[in-house]
Each structure stands twice: as C-alpha cells, then as structure tokens.
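Hi,

Here is the structure I promised to pass on.

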Amino acid sequence: MSASAAEEIAGLLAAWLPSNDDPARPLMTLSTGTSSGYPDARTVLLSEYDERGFFFHTDSRSRKVTDVTGDPRAALTLLWPGRQLVVQGDVSRADDAEELWAYRHRSRYLQLLAWLNTPEFAALPLEERLVRWAEFDAAHPEGALDPPPTWSGFLVRPVRLTFWEGRPDTASRRTEFRRTTDGWQTALLPG
Ligand SMILES: Cc1cc2nc3c(=O)[nH]c(=O)nc-3n(C[C@H](O)[C@H](O)[C@H](O)COP(=O)(O)O)c2cc1C
C-alpha cells in the first residue's frame with residue numbers, strides 16, 4: 001500500500017513538473033510562519049525536486065530564511081491551468097553540492113542578481129543601478145561567476161501533498177497523500 005502510494009506520487013510529480021534540466025522553472029508560492037504570527041508568502045522558483053523533496057534557492061539575508069530558521073515548516077503552492085499542487089513540509093538547508101548545481105543552472109541574469117540583490121543596490125536611483133549592473137556584468141564573464149556567500153538552498157521535505165485537478169465536465173477533486181510512520185496515507189477529497 002505505501003509502496004504504491006510512493007509510486008503514485010512519483011508518477012504524478014513526473015507528469016506535472018518539468019525535468020530538473022528544463023530551463024523553464026515552475027513558480028511556487030512559498031508560505032512561511034513568522035515571529036509576528038502573520039503568515040508570509042512570496043514567489044520562488046522550484047530549482048529542482050527529487051525523492052527527498054522540493055528545492056528553492058534564495059539569499060541567506062532574506063526574510064524567508066529568517067522565517068524558516070525560526071520555524072522550519074513551510075507550504076508550497078504550484079498552479080497550472082486546471083491543476084494545483086500544495087505541499088506542506090519540513091525545511092532544511094541543502095548541501096553544498098546541491099547549492100552549486102542550482103547556481104550553475106540559473107540563467108546568467110539570475111546569477112548576476114544573486115550578487116547584486118542587496119538593500120544598498122535597491123536604494124540606488126535607476127541610472128546608477130543600470131550602470132553598476134552593466135559594470136558587474138562586464139567584469140565577470142560568462143561562466144566565471146561562483147555563487148555569492150549569501151546563496152543558499154533549502155529542501156522542503158513533504159509531509160503532505162495535495163494534487164488538485166479541475167475539469168469543466170465534472171467536479172474538481174483532490175488526491176492527498178499524508179506521510180505517516182508506516183508510509184503514505186491516501187485520501188480522495190472534494191476540490
Ligand atoms: C516570478 C518570480 C520568481 C522569483 N523567484 C525567486 C527565487 O527563486 N528565489 C528568491 O529568493 N526570490 C525569488 N523571487 C523574489 C521573491 O518573490 C521575494 O520578493 C524575495 O525573495 C524576498 O522575499 P522575502 O523578503 O519574503 O524573503 C521571485 C519573484 C518573482 C516575481
């Protein structure tokens with residue numbers, strides 16, 4: 001029972017998500033708890049996923065990192081026409097090799113952004129931001145950039161996955177998998 005649920009999850013993820021090498025990365029809403037009690041949410045890229053879970057990458061100084069450091073639980077929401085995947089999971093830091101792999105697979109723009117996405121840069125007028133971006137770009141030829149020290153990756157290891165499917169000719173429905181000590185428990189729920 002639990003082995004087939006695991007296979008079903010793997011099959012659904014393979015059908016719904018692009019391969020990790022596909023440069024078109026899916027967007028996810030990453031929801032976190034905060035010290036104020038108000039939840040926070042923002043869009044991030046799904047960098048990759050595997051049997052451990054879902055990886056996102058960000059700046060270690062960001063609010064989301066403060067959030068998951070204080071409370072290492074999060075939710076991810078991925079949306080497509082007619083489909084939604086919601087994941088609840090436990091958050092942990094990715095290892096160095098994974099972080100480097102993800103940086104190397106980022107577009108040139110996003111590699112530069114990881115270096116220049118600072119409060120000081122954001123405070124500059126547009127003219128200066130354009131000049132400084134171009135200067136940094138020119139000073140670091142394609143392929144020469146390593147990740148900045150602030151580059152950080154996180155794994156969201158699912159405890160619950162909810163696959164929502166809608167269709168115009170009958171009611172929408174969710175297939176939900178909950179991690180238990182014995183494996184995955186499956187439920188079919190109204191949409
Ligand atoms: C389409 C889109 C994709 C984004 N992808 C990422 C991402 O992969 N990582 C990231 O740190 N921020 C990403 N952002 C920016 C975040 O949404 C957010 O503004 C930023 O990370 C600061 O969030 P925080 O203050 O809640 O930590 C993306 C924004 C958009 C609109």
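Let's start with a salt bridge: Arg108 pairs with Asp137, and their closest N and O atoms are 2.5 Å apart. (A salt bridge here is a side-chain nitrogen of Lys or Arg within 4 Å of a carboxyl oxygen of Asp or Glu.) This pair links distant parts of the chain, with Arg108 in helix α4 (residues 108–116) and Asp137 in helix α6, 29 residues apart. Helices (H or I, at least four residues) and strands (E, at least two) are DSSP runs, numbered from the N terminus. Arg108 is buried, at 18% relative accessible area, while Asp137 is partly exposed at 29%. The cut-offs are under 20% relative accessible area for buried, over 50% for exposed, and partly exposed in between, using a 1.4 Å probe and protein chains only.

Before going on, a word on what you're looking at: this is a predicted model, so local features need pLDDT of at least 70 and side-chain atom pairs count only at pLDDT 80 or more, whereas totals for chains, interfaces and linings use all residues. Residues are numbered from 1 along each chain as its sequence is written, and side-chain values use heavy atoms, with hydrogens and water left out.

Back to the salt bridges: the whole structure has twelve of them. Another one joins Arg104 to Asp146, with 3.0 Å between the closest N and O atoms. That pair also links distant parts of the chain: Arg104 sits in helix α3 (residues 96–105) and Asp146 in the loop between α6 (126–139) and β7, 42 residues apart. Both ends are partly exposed, Arg104 at 42% and Asp146 at 44%. Then there is Arg178 with Glu176, at 3.8 Å from N to O. Here Arg178 is partly exposed at 39%, but Glu176 is buried at 9%.

Now the strands. Two strands pair if DSSP finds at least two bridges between them. Strand β7 (residues 151–167) pairs antiparallel with β4 (residues 53–59) over six bridges, and Phe54 stands opposite Val156 of β7 there. With β6 (residues 83–93), β7 has eleven bridges, again antiparallel, and Leu85 has Phe163 in β7 as its bridge partner. Seven bridges join β7 to the antiparallel strand β8 (residues 170–180), where Glu165 is partnered by Arg173 in β8. β7 and β8 make a hairpin, with two residues between them.

Cheers
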